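The sequence and structure come before the notes.

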Amino acid sequence: MYGNLDLRDAVKKYQMKADYSYVKVSLLKKVDEISELVEKDKEKWIIFVDSIEKGKKIEKALQEKEIDSAFIMAESKKDRELLGTVQM
């Protein structure tokens, strides 16, 4: 009890599951597949890689097709050129 108020009656817990049905997931292995798909789709993309080398290859392939892109990693927050892209 809190004063005349029973907190068990006053506090309500609401839970909603996150809806990610709008997210398209693609698992691709080749840089060419990735750059072709991004070029055709014209949507915003976020691409996760398991190495800096792969990330740089993908960024280069996208830029060769004149697709605006940025390769972001932990060290990017120190890069003044990417300050507008990386928000911590």
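Patches are made of residues with over 30% relative accessible area and no salt bridge, joined within 9 Å for like charges and within 5 Å for nonpolar side chains (Val, Leu, Ile, Met, Phe, Trp, Tyr). A salt bridge is a side-chain nitrogen of Lys or Arg within 4 Å of a carboxyl oxygen of Asp or Glu. Accessible areas come from the Shrake-Rupley method with a 1.4 Å probe, and for residues only the protein chains shown count as cover.

The model is predicted: local features need pLDDT of at least 70 and side-chain atom pairs count only at pLDDT 80 or more, while totals for chains, interfaces and linings use all residues. Residues are numbered from 1 along each chain as its sequence is written, and side-chain values use heavy atoms, with hydrogens and water left out.

**Surface patch**

- A nonpolar patch on the surface is formed by Tyr20, Tyr22, Val23, Val25 and Leu27, which together have about 670 Å² of accessible area.
- Tyr20 lies in the loop between helix H1 (7-10) and H2; helices are DSSP runs of H or I with at least four residues, numbered from the N terminus.
- Tyr20 has 55% relative accessibility and therefore counts as exposed (exposed is over 50%, buried under 20%, partly exposed in between, with a 1.4 Å probe and protein chains only).

**Largest pocket**

- A pocket is an open set of points on a 1 Å grid over the protein atoms alone, where a 1.4 Å probe fits, with protein on both sides within 12 Å along at least five of seven lines; lining residues have an atom within 4 Å of a point.
- The largest pocket holds about 700 Å³ of space, a volume being the space filled by probe spheres set on the points.
- Its lining has 22 residues, and Ser26, Trp45, Ile46, Ile47 and Phe48 lie nearest the centre.
- Helix H2 (31-41) and helix H3 (52-64) are the elements that give two or more residues to this lining.
- By class, the lining of the largest pocket has 14 nonpolar, 1 polar and 7 charged residues (Ala, Val, Leu, Ile, Met, Phe, Trp, Tyr, Cys and Pro count as nonpolar, Asp, Glu, Lys and Arg as charged, the others as polar).

**Second largest pocket**

- The second largest pocket holds about 580 Å³ of space.
- Of its 21 lining residues, Trp45, Ile47, Leu62, Ser69 and Ala70 are closest to the centre.
- H3 gives the largest share of this lining, 4 residues.

**Leucine 62**

- Leu62 is found in helix H3 and is buried, with a relative accessible area of 6%.
- Leu62 and Val31 are 31 residues apart in sequence and 9.2 Å apart in space, C-alpha to C-alpha.
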